[in-house]
Amino acid sequence: VEDGFEFTLEQDSLSSAMGARLPNRSLWMLQAEVGGGKSLISQRIIYGLLENGVKVLAVTTELTTRGWIEQMESIGYPVTEHIASGRLMVFSRFGVIAETRDDVGIFDVLDSDAITKADVVVIDTASSLMPSDLDTKQKDEVLFLYFNNNEVISKLFLFVSECKFQTLSKLVKIKLSNMVPVFFKTPTTL
């Protein structure tokens with residue numbers, strides 16, 4: 001997909017408001033406070049991508065796989081058909097039912113084979129996969145180093161995060177010239 005990934009749905013105008021397509025080879029950061037609507041917006045984007053034939057890897061750190069699928073269904077985004085067709089892969093830190101894996105980090109996700117099979121990767125919440133002993137600048141540098149040294153830059157990544165990746169935009173613009181950084185913050189109240 002040379003010019004980007006369409007995520008249009010008839011029932012809303014989100015894709016029109018965001019430019020109709022998500023550019024290929026881009027890194028998106030969706031940031032807001034707890035309860036700011038980050039997950040809902042990312043789920044809407046995921047569903048729109050799926051409905052337009054895009055292959056998506058959704059990584060959730062807040063729900064089980066089953067819980068994430070049930071949540072999507074409950075808000076009017078049926079995804080079971082997309083899972084059955086192989087267009088949607090869902091990974092959860094909690095597994096299918098409820099057993100948490102605290103040892104899963106950002107690099108475990110980014111280095112998984114599923115990354116190579118997806119056109120778009122959505123990680124909600126990316127900040128919970130980052131090492132907790134790092135400050136904001138160090139977290140920026142972790143992502144910068146990863147994307148600067150790997151071949152995954154042919155993908156579109158959407159990181160949903162509560163923390164602020166303040167310096168990443170500068171680093172990406174300077175060092176990753178073939179990857180477009182985009183930052184999108186939800187309003188504090190929806």
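1. Basis of the note. A residue is called buried when its relative accessible area is under 20%, exposed when that area is over 50%, and partly exposed in between (1.4 Å probe, protein chains only). Of the 190 residues of the chain, 49% are buried in this sense. The model is a predicted one, in which local features need pLDDT of at least 70 and side-chain atom pairs count only at pLDDT 80 or more, whereas totals for chains, interfaces and linings use all residues. Residues are numbered from 1 along each chain as its sequence is written, and side-chain values use heavy atoms, with hydrogens and water left out.

2. Confidence. The pLDDT is the predictor's confidence in each residue, on a scale from 0 to 100. The chain averages 75, and 72% of the residues score at least 70. Among the elements of the chain, α4 has the highest mean pLDDT (96) and helix α8 (residues 168-175) the lowest (40). Over residues 167-190 the pLDDT is below 50, although this stretch has 55 contacts in the model beyond near neighbours in sequence; a contact means heavy atoms within 4.5 Å. Where pLDDT is low, the predicted coordinates should not be read in detail.

3. Overall make-up. The chain holds eight helices and eight strands. Helices (H or I, at least four residues) and strands (E, at least two) are DSSP runs, numbered from the N terminus. Among contacts with a separation of 6 or more, 75% join residues 24 or more positions apart. The chain exposes about 9500 Å², of which carbon and sulfur atoms supply 51%; these areas come from the Shrake-Rupley method with a 1.4 Å probe, and for residues only the protein chains shown count as cover.

4. Strand β4. All five of the five residues of β4 (56-60) are buried, so this strand is largely enclosed by the rest of the structure. Val56, Ala58 and Thr60 lie on one side, Leu57 and Val59 on the other, and both faces are covered. Two strands pair if DSSP finds at least two bridges between them. β4 pairs with β5 in the parallel sense over five bridges, and Thr60 has Ser92 of β5 as its bridge partner. Five bridges also join β4 to β6, again running parallel, with Leu57 partnered by Val121 of β6.

5. Strand β7. Six of the six residues of β7 are buried, so it too is largely enclosed by the rest of the structure. One side carries Leu156, Leu158 and Val160, and the other Phe157, Phe159 and Ser161. β7 runs parallel to β3, to which five bridges join it, and Gln31 stands opposite Ser161. β7 also pairs in the parallel sense with β6 over five bridges; here Val121 stands opposite Phe157.

6. Nonpolar cores. A nonpolar core is a set of buried Ala, Val, Leu, Ile, Met, Phe, Trp, Tyr and Cys residues joined through side-chain atoms within 4.5 Å. The largest has 28 residues, and Ile46, Leu49, Val56, Trp68 and Leu88 have the most contacts inside it. At least two residues each come from β3, α2, β4, α3, β5, β6 and β7, and the largest share, six residues, comes from α2. A second, separate core of 22 residues includes Val59, Leu110, Ile123 and Met130. Leaving aside neighbours within four places in sequence, the contacts of Val56 include Ile46, Leu49, Leu88 and Val120.

7. Helix α3 and what follows. Thr65, Gly67, Trp68, Ile69 and Met72 of α3 are buried, and their cover includes α2, β4, α4 and β5. After α3 comes Gly76, whose phi is positive, near 90°.

8. The aromatic pair. Rings of Phe, Tyr and Trp (its six-membered ring) pair if their centres lie within 6.5 Å; planes under 30 degrees apart count as stacked, over 60 as edge-to-face and the rest as tilted. By this rule there is one aromatic pair. The rings of Tyr47 and Tyr77 have centres 4.9 Å apart and planes at 20°, so the pair is stacked. Tyr47 belongs to helix α2 (residues 38-51) and Tyr77 to the loop between α3 (65-74) and α4 (80-85), 30 residues apart, so the pair links distant parts of the chain. Both Tyr47 and Tyr77 are buried.

9. Arg93. Where is Arg93 found? Arg93 lies in the loop between β5 and α5 (106-110). Arg93 is buried, with a relative accessible area of 13%. The C-alpha atoms of Arg93 and Glu62 are separated by 7.5 Å, although the two are 31 residues apart along the chain.
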